[in-house]
Amino acid sequence: MPSDLAPYPPALQAATLARPALSVVVPAYDEQEVLPAFHARLVPVMEAIGLPWEVVYVNDGSRDGTLALMLALRAQDSRVAVVNLSRNFGKEIALTAGLDHAAAEQAVIVIDADLQDPPEVIPDLVAAWRQGFDVAYARRRAREGETWLKKATAAAFYRVMKRIGGKVDLPADTGDFRLMSRRALDALLALREQHRFMKGLFAWVGFPSIPVLYDRAPRAAGETKWNYWRLWNLSLEGITAFTVGPLKVATYLGLFTAFGAVIYGVQLIIRTILFGNPVAGYPSLMAVVLFLGGVQLMTLGIIGEYLGRVFNETKRRPLYIVERHVPSEAQPPG
Ligand code: UDP
Ligand code: MG
């Protein structure tokens, strides 16, 4: 390698050497309890890989001491980069901010701060990447410490997405924990939509991908910010960002009820001709009116969901605001 670099001017050489091969991107929101433990577990794993690396910690507007901890880690270890967002933007955007600031030349690894994604899996991801895959995504073997309700709803969500998701194939039991080659990352970063359903975006980018199995541990400390309401919203996000299927549902519901109405009408005419018209049917009238009202409101709601997203995208706002960025320091070669 050194002889390869010889013809380049020294400044360029330095710039080339200064970039780490791997970046680990970690979004964190109120993670002061786990962050030191996370870093302590990450460092030996990354050192064993034997490539220059950095870790990009993104503070997503934490209300606790997370930022101070990150800066303390940066002071001790120059392989740490810190991106502090101006407020809480949510995990998907915090992750994007971290990926934007990743200096890695070759590949990035995305991992949660709460130690649910064990850093010990990273060498397996790297091994898969070395075999030539652009994306190595960690697939959970077991969901420990999660309620049956959460497991069932997650399974249902993946099934629904598969049905209506069209061309983009969402791998099941897969979170954001993954490794991406630089070119896959660049492709991902070209997608700047406001409504970021990361799992879907990862899948949309494509490239040769391979799952790596691991056991997902329960959260080490702190608590999950994903209550059912947020998960429901995430599912809505996933569905509306990747398919216009629900809009078609509206069309077919309309067609179906119109068809039913015609049949019912014909039947009424025949009945009136044959048996006269004893006026009755307040209950059936009410039922039909209420049913149609419900269907109309629901389809309007679906249209509204999409319209709202169109509205948000048209504003062209930046995805996030960085309050402070402390880059990691030049890596010694090798
Ligand atoms: N996170 C974040 N911003 C948020 C919520 C979460 O950066 O608004 C981070 C959080 O610190 C963690 C990761 O995203 O590193 C996953 O969050 P969490 O553990 O709450 O989600 P779960 O593991 O339950 O999916
Ligand atoms: Mg978690």
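Predicted model: local features only at pLDDT ≥ 70, side-chain atom pairs only at ≥ 80, totals over all residues.
Visitor: Thanks. Which residues of H9 are buried?
Guide: Met198, Lys199, Gly200, Phe202, Ala203 and Val205 are.

Visitor: And what covers them?
Guide: The cover includes helix H5 (91-100), strand E6 (174-181), helix H8 (182-189) and helix H10 (228-242).

Visitor: How do H8 and H9 pack?
Guide: Their axes are 9 Å apart and the angle is about 120 degrees. Axes are lines fitted to C-alpha atoms, for helices over the stretch in contact, and angles run from 0 to 180 degrees between N-to-C directions. H8 and H9 are therefore oblique to each other; angles under 35 degrees count as roughly parallel, over 145 as roughly antiparallel, 65 to 115 as roughly perpendicular and the rest as oblique.

Visitor: Which residues make the contact?
Guide: Ala184, Ala187 and Leu188 come from H8, and Leu201, Phe202 and Val205 from H9. Two residues are in contact if their C-beta atoms, placed from the backbone, lie within 7 Å. By class, the contact of H8 with H9 has 6 nonpolar, no polar and no charged residues. Here Ala, Val, Leu, Ile, Met, Phe, Trp, Tyr, Cys and Pro count as nonpolar, Asp, Glu, Lys and Arg as charged, and the others, Gly among them, as polar.

Visitor: What comes just after H9?
Guide: Gly206, with a positive phi of about 80 degrees. Phe207 lies in the loop between H9 and strand E7 (209-216), and its phi is near 75 degrees, a positive value in a residue other than glycine. Phe207 counts as partly exposed because it has 14 C-beta neighbours inside 10 Å.

Visitor: New topic: how are H3 and H6 arranged?
Guide: Helix H3 (residues 35-49) and helix H6 (residues 122-130) pack at about 30 degrees, with axes 10 Å apart. That makes H3 roughly parallel to H6. On the H3 side the contact uses Val45, Ala48 and Ile49, and on the H6 side Ile122, Pro123 and Val126.

Visitor: What about Asp124, where does that sit?
Guide: Asp124 is in helix H6. Asp124 and Val212 are 88 residues apart in sequence and 7.1 Å apart in space, C-alpha to C-alpha.

Visitor: Last one: how far apart are the ends of H11?
Guide: The end C-alpha atoms of helix H11 (residues 245-275) are 44 Å apart, which agrees with the 45 Å that its 31 residues should span at 1.5 Å a residue. The expected span is 1.5 Å times one less than the number of residues. H11 is hardly covered, as the count of buried residues in this helix is 0.

Notes:
Residues numbered from 1 in each chain as written. Chains lettered and ligands numbered in written order. Helix = DSSP H or I, 4+ residues; strand = E, 2+ residues; numbered from the N terminus. Buried ≥ 20, exposed ≤ 12 C-beta atoms within 10 Å, placed from the backbone.
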